[in-house]
Amino acid sequence: MSTDTTDETADGAAGHRTYRQVLTGNPRLAVLLAGYVISSVGDGILLIALPLLAIRHHGQLSAPVAVGLVMTAPYVLSTVLALSIGLGRLRLPTRAVVITDSALRTVLFTVVGLAAMADRIDIGFLVVALLLGSVLHQTASSSRRLVATGMAGKDELFTVNGLLGFANSLALYVVGPAVGGAVTVAFGADVAVLLEALSFLLLFGAVALVVPPQPRAPRAERSTESGWRILRLRPVAARLFFVVFFFNLSYMPVEVALPVLVNGDLHGDGNTLGIIWTAFGAGALLGGALTGFLRKLHQQAVLVAVIALWGGSVVLLALAPSGPVAMCAFALGGLIYAPFTPIAYTFVQSELPPHEQQPVITLWTTGSTLAAPIGLPLSGPLVSALGARGGLLLSAALTLVLVPFAAKGLLGPRRVA
């Protein structure tokens, strides 16, 4: 199947409206995105708070293994549910999913934060709480995107996906880690976790306020095909699905190795880790702002270039002799990575009618994040064995090995028999 039509769709009217025009023309979307930004700030705080809680309460486990388990737990049951949608016929109302997930996370992190404040927490409690409280989170992640793009309309698809990436970079990687680092140093990781609970309470309110209840789609417009079957009809998109999965899998050692590197070789603390993540976010913020300028380039080629350049940035991070150098390396990584997600999602969504989007986008999001429950538990022992720098170099090597395969899959023949 030729991708020429896809590129033209993504480059059409969607690319010509600025972020400001989209938001001022759709105030409800602006309120919704504000809720998304606030909850992403909370998730950015967790990037700092959860590893530090795991390191503090690792018990008989090594610190890298404890970090790996804690970062893996939110994905396990969540992945099972998301695969039931992406590979099966289960369909859930997107608005209801976002609201319910927001309520669950509010309760989850209130309980975890209060238990940590009372010093009644251990690694087992933390893992089980994250396991149960995050059951809807992956499905909600795709649902948030579908709610936002649905409110904007298909003609603004590229702009809205770019706006989601820009806002996510600002909140998740700039503001969130900065706040998380400052709060954990000043008040402790337990207070930081309570801020995550508050952020999802505010998201709950935003969605309930501005997103109207969805009418049940007519039977003729309901998709009865699995997301995978739909995706297989679009071969380049199907190959991109696997590229995204292995790209994310190769990244996972970074999440385990970075806090260990900061607490070890770089002699830093939670604030240092927050600053390094904020640097990544600052780079991603700039990259997100520049994403619109890439719309006229060959989109698959941009995705392959991002993978290659990201691998190089992780090499620089692994070799960083100090915190400031690590900060610069990670900022470069953020700049490079930022266009990847908006371009990938726009590429897929532009070919799908509305009734096929939930199974495919849920499968796509799950495939993107399925790497976490696979890669994070493996990364803990690997980082323990190789050290933080060795773990980062392994991540870079796996990423660079992926480049020729990605190029062959995305830039090769456009028709599949």
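Glutamate 196 is buried in the predicted model, with a relative accessibility of 0% (buried denotes under 20% relative accessible area, exposed over 50%, and partly exposed the range in between, with a 1.4 Å probe and protein chains only). The model is a prediction in which local features need pLDDT of at least 70 and side-chain atom pairs count only at pLDDT 80 or more, whereas totals for chains, interfaces and linings use all residues. Residues are numbered from 1 along each chain as its sequence is written, and side-chain values use heavy atoms, with hydrogens and water left out.

Side chains of opposite charge can pair when their charged atoms come close. With a salt bridge taken as a side-chain nitrogen of Lys or Arg within 4 Å of a carboxyl oxygen of Asp or Glu, three salt bridges are counted. One of these joins glutamate 196 to arginine 105, with an N to O distance of 3.0 Å. Glutamate 196 belongs to helix H10 (residues 189-210) and arginine 105 to helix H6, so the contact ties together parts 91 residues apart in sequence; helices are DSSP runs of H or I with at least four residues, numbered from the N terminus.

Arginine 105 also forms a salt bridge with aspartate 43, where the closest N and O atoms are 3.3 Å apart. This pair links distant parts of the chain, since aspartate 43 is in helix H3 (residues 27-56) and arginine 105 in helix H6 (residues 94-117), 62 residues apart.

Arginine 389 lies in helix H18 (residues 371-411) and aspartate 265 in the loop between helix H12 (235-263) and helix H13 (270-290), so parts 124 residues apart in sequence are tied together. Arginine 389 is partly exposed at 24% relative accessibility, and aspartate 265 is partly exposed at 46%.

H13 and helix H15 (323-337) are the elements that give two or more residues to the patch. Leucine 316 is located in helix H14 (residues 299-318) and is partly exposed, with a relative accessible area of 43%.
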